[in-house]
Amino acid sequence: MENKAKKAHSLYLENRSGLKLTGVTDVDSFDEENVIAYTDYGCNSCKL
């Protein structure tokens, strides 16, 4: 079995007016209040 290196990820929240996610591999859903995204490390759920 091949071991894949996990990609780095981060979450930046700027003054509650901007959100930046890096390292996202897939987005499950998003709207004005919620974002559900996946990284190599698992699920990331943000309520805005």
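**View 1. The open sheet, with three strands in the order S3-S4-S5.** In this predicted model, the pairing within the sheet is antiparallel. Strand S3 (26-30) and strand S5 (42-47) stand at the edges, and each has a single partner strand, so one side of each is left without a neighbour in the sheet. On average, neighbouring strands are turned by 15° against each other, with direction ignored. As a friendly reminder, strands of a sheet pair through backbone hydrogen bonds, either parallel or antiparallel.

**View 2. Where S3 meets S4, four bridges join the two strands.** S3 and S4 run antiparallel here. To find your way along this pairing, look for Asp26, whose bridge partner in S4 is Tyr38.

**View 3. Thr39, a buried residue of strand S4.** Strand S4 covers residues 34-39, and Thr39 is found in it. Thr39 has a relative accessible area of 11%, so it falls under the 20% limit for a buried residue. Setting aside neighbours within four places in sequence, Thr39 is in contact with His9, Gly23, Val24 and Thr25.

**View 4. The largest cavity, with about 30 Å³ of space.** Rolling a probe the size of a water molecule over the atoms shows where empty space is left. The count comes to one cavity of 30 Å³ or more. Which residues line the largest cavity? They are His9, Ser10, Leu21, Thr22, Val24, Ala37, Thr39 and Asn44. Strand S2 (18-22) and S4 each supply at least two residues of this lining. By type, the lining divides into three nonpolar residues, five polar and no charged.

Definitions and conventions. Residues numbered from 1 in each chain as written. Predicted model: local features only at pLDDT ≥ 70, side-chain atom pairs only at ≥ 80, totals over all residues. Heavy atoms only, no water. Buried < 20%, exposed > 50% of the residue type's maximum accessible area, 1.4 Å probe, protein only. Contact = heavy atoms within 4.5 Å. 1 Å grid on protein atoms, 1.4 Å probe; cavity = no way out; pocket = protein on both sides within 12 Å on 5 of 7 lines; lining within 4 Å. Points joined across faces, edges and corners; volume = space filled by probe spheres on them. Nonpolar A, V, L, I, M, F, W, Y, C, P; charged D, E, K, R; others polar. Pairing = 2+ DSSP bridges. Axes fitted to C-alpha atoms, helices over the stretch in contact; angles between N-to-C directions.
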